[in-house]
Amino acid sequence: MPAIHAERRSRLAMSVVEAGADAALITRLVNVRYLTGLESSNAAVLMYPDGRTVLATDGRYLTMAAETAPDVELVKERGVATALAARAVTAGPVRLAVEEHDVTLALAADLGKAAPSAELVHLGQAVEKLRAIKDEDEIELIRQACAISCRALDDLHAAGGLLRRTEQEVARDLEGRMYDHGADGLAFETIVATGPNSAIPHHRPTGRVIERGDLLKIDFGALYRGYHADCTRTSMVGAPPAGWQREIYDLVAAAQRAGCEALAVGTECIAVDRASREPIGVAGYGEQFGHGTGHGVGLEIHEAPTLGYAATGTLGDRMPVTVEPGVYLPGRGGVRIEDTLVVRDAGGPELLTTTTKDLLVLDA
């Protein structure tokens with residue numbers, strides 16, 4: 001997709017100008033991939049205000065770089081960042097904008113040695129801000145990742161036989177089904193939390209055996225061509241819900257609907273969090289919802305924007321985000337319901353995780 005990458009670099013060039021820099025050094029690997037298409041463990045980009053771009057990588061990725069970014073200058077180096085910094089000062093002193101959230105003290109020292117006449121200035125999270133708004137090709141890849149994920153979960157539910165299996169066994173089963181449906185990998189470590197463990201928001205699957213009447217919380221997602229899916233569903237195993245289980249499930253479902261309905265272009269990110277948080281707080285469970293309402297999704301599982309109680313900024317057209325409120329009762333159980341959706345300028349948000357949100361009672 002050279003044309004798409006060139007368009008992204010053109011938008012970044014404006015940020016270089018705004019930073020008052022002579023050039024920008026991009027060292028975050030996920031941002032290098034976004035700008036050039038190159039997925040590697042060692043690469044950096046030197047970007048000039050006029051759009052000229054130099055991509056540095058080592059011999060392991062040289063052929064791939066030539067294929068994915070044929071329209072940029074390619075440099076073979078092992079020390080990619082220092083090589084590009086040295087190149088930036090060949091014509092004299094420069095103001096070099098860097099990703100200060102990625103440049104360590106050690107790397108900053110190395111840059112100072114390689115390019116002593118360079119003044120390092122802050123680029124800010126300029127690339128991350130660009131990445132928050134997806135193009136339609138990116139959205140299609142996230143859509144595919146979500147479809148793979150939902151088909152796998154539907155298969156797991158239909159297969160039944162969960163009683164007496166361990167959390168770890170169910171997690172591996174679901175992950176295998178995602179691969180069977182075309183996943184390239186896992187978006188993150190699958191969460192399978194049952195019974196009292198479902199009250200732990202980011203529980204890691206254990207050898208706990210699933211029992212009749214357990215809440216079963218599964219937070220999972222497929223990775224497809226670099227893009228992530230994120231979905232959480234909570235179900236019952238082998239028995240209808242007890243009164244308290246139905247109460248918190250219905251409450252979380254209402255909160256999740258409110259958050260999804262709040263997704264609109266121009267809405268403040270913090271307002272989405274408030275919309276989801278309000279019904280839970282009114283019901284007296286505010287202290288049992290301790291995490292943010294959601295986050296952006298894309299080349300990373302967690303990226304801009306943040307939908308939380310301290311969030312800043314507003315939603316834009318073509319922003320994929322999650323909405324994932326929960327209520328967690330320590331020692332008893334918890335419920336989280338999460339969807340990945342795309343904020344749209346017209347017609348309301350587009351739902352990508354389409355598997356049912358009804359409270360299922362799964363065959364034991």
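The largest nonpolar core of this predicted model holds 36 residues, and Leu-12, Ile-26, Met-47 and Leu-55 touch the most other members. Such a core is a set of buried Ala, Val, Leu, Ile, Met, Phe, Trp, Tyr and Cys residues joined through side-chain atoms within 4.5 Å, with buried meaning under 20% relative accessible area (1.4 Å probe, protein chains only). Two or more residues each come from helix H1 (2-18), strand S1 (23-26), helix H2 (29-36), strand S2 (43-47), helix H6 (126-132) and helix H7 (136-159). Helices (H or I, at least four residues) and strands (E, at least two) are DSSP runs, numbered from the N terminus. H7 gives this core its largest share, 5 residues.

Leaving out neighbours within four places in sequence, Met-47 is in contact (heavy atoms within 4.5 Å) with Arg-9, Leu-12, Ala-13, Val-16, Ala-23, Ala-24, Arg-52 and Thr-53. Another core, of 22 residues, lies apart from the largest one and includes Tyr-48, Val-80, Leu-84 and Val-94.

Then there's an open sheet of 3 strands, ordered S7-S10-S11 with antiparallel pairing; two strands pair if DSSP finds at least two bridges between them. Strand S7 (185-186) and strand S11 (227-228) sit at the edges, each pairing on one side only. S10 (residues 222-224) is joined to S11 by 2 bridges, and Tyr-224 has Tyr-227 in S11 as its bridge partner.

As for the numbering, residues count from 1 along each chain as its sequence is written. Local features need pLDDT of at least 70 and side-chain atom pairs pLDDT 80 or more, while totals for chains, interfaces and linings use all residues, and side-chain values use heavy atoms, without hydrogens and water.

Notes. Buried means under 20% relative accessible area, exposed over 50%, partly exposed in between (1.4 Å probe, protein chains only).
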